[in-house]
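Q: I should like to learn how to read a structure of this kind. Could we go through it together?

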Amino acid sequence: MGTGRGRRVDGLKMRLIIAAVLALVAFGSYFFNTSTNPYTGQAQRTAGITLQQEIAMGLQAAPQMAQQFGGRSSNTQGQRLLETIGAKLVAAIPAVYDDHIDHAHEIPHKFSFTLLDDDQTVNAFALPGGPTFITDALFDRLTEGQIAGVMGHEIVHVIQSHGLQRMAKDQLFQGLAGAATTAAGDLSAGQISQMLTNFLGMKYGRDQELQCDEQGVLLMVAAGYDPRSMIEVMKVLAEASGGSGGPEWASTHPDPGNRQEQLARQIDSLFPNGVPDGLIP
């Protein structure tokens, strides 16, 4: 009996040691793999991926991602408008991030803008490195200013390397979940740990979305678009979801209604005397 119990205790100690090592490796990989954001000058955790690798990843994934939404749209006029809007927004980047980028320097990422041949899925997204997309289903619902709001939001995802930051955090979560599984010696315990860490990751995603709303407004104003158009985008998204998006706390995207309120407060702060005339709605 004593010998068997001793083996069980020794086995538990060994699992705990291995789990501690795995956790330390996960934390070390997350906290020490940092880079400097070329737009903001701030340190960010990007899973050890360089800017050149980030751009290459986005370019490689772009054709496959586009194909999942029907490929490039046949709406050539819409594609030209999208490219024009995108060019204005990219040209406005130095005005928003002028502490680290000026008009004499090349924008670090390789932005492109593609209208996708999907009239059912209301969506827009950006890949690491700069490829940015919007579906016909969303594009056709929006004015020029509203399209600029959506594209500005997606550009900020690229500028802030949100995709890579999420990859880095997911790697941390996976490492911690593996450590928990090892310590418990029970797969179900590891599965529970993974569920908890995934839930924590949702909050991180919502923070990213709100950051893109805020900086996207600055970008669209600098490009000559009316920031109130972004509030209208939130109304379109709310209508498109049909109220089936689920509660805000369980989603990686904040509730459109709450985003409307935050955007309105930001616009009032930027323009206490009212939004100036002449901006494109």
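Q: How many of the 16 residues of H5 are buried?

A: A few conventions come first. This is a predicted model, in which local features need pLDDT of at least 70 and side-chain atom pairs count only at pLDDT 80 or more, while totals for chains, interfaces and linings use all residues. Residues are numbered from 1 along each chain as its sequence is written, and side-chain values use heavy atoms, leaving out hydrogens and water. Helices (H or I, at least four residues) and strands (E, at least two) are DSSP runs, numbered from the N terminus. Buried means under 20% relative accessible area, exposed over 50%, and partly exposed in between (1.4 Å probe, protein chains only). In H5, 15 of the 16 residues are buried.

Q: What span should helix H5 have at 1.5 Å a residue?

A: The expected span of a helix is 1.5 Å times one less than its number of residues. For H5 (residues 144-159) this gives 22 Å, and its end C-alpha atoms are 22 Å apart, which agrees.

Q: Which residues have the most contacts inside the largest nonpolar core?

A: A nonpolar core is a set of buried Ala, Val, Leu, Ile, Met, Phe, Trp, Tyr and Cys residues joined through side-chain atoms within 4.5 Å. Here the largest has 40 residues, and Ile93, Phe111, Ile134, Met151 and Ile155 have the most contacts inside it. H5 supplies the largest share of this core, eight residues.

Q: Why does Gln165 count as buried?

A: Gln165, which lies in helix H6 (residues 162-184), counts as buried because its relative accessibility is 15%.
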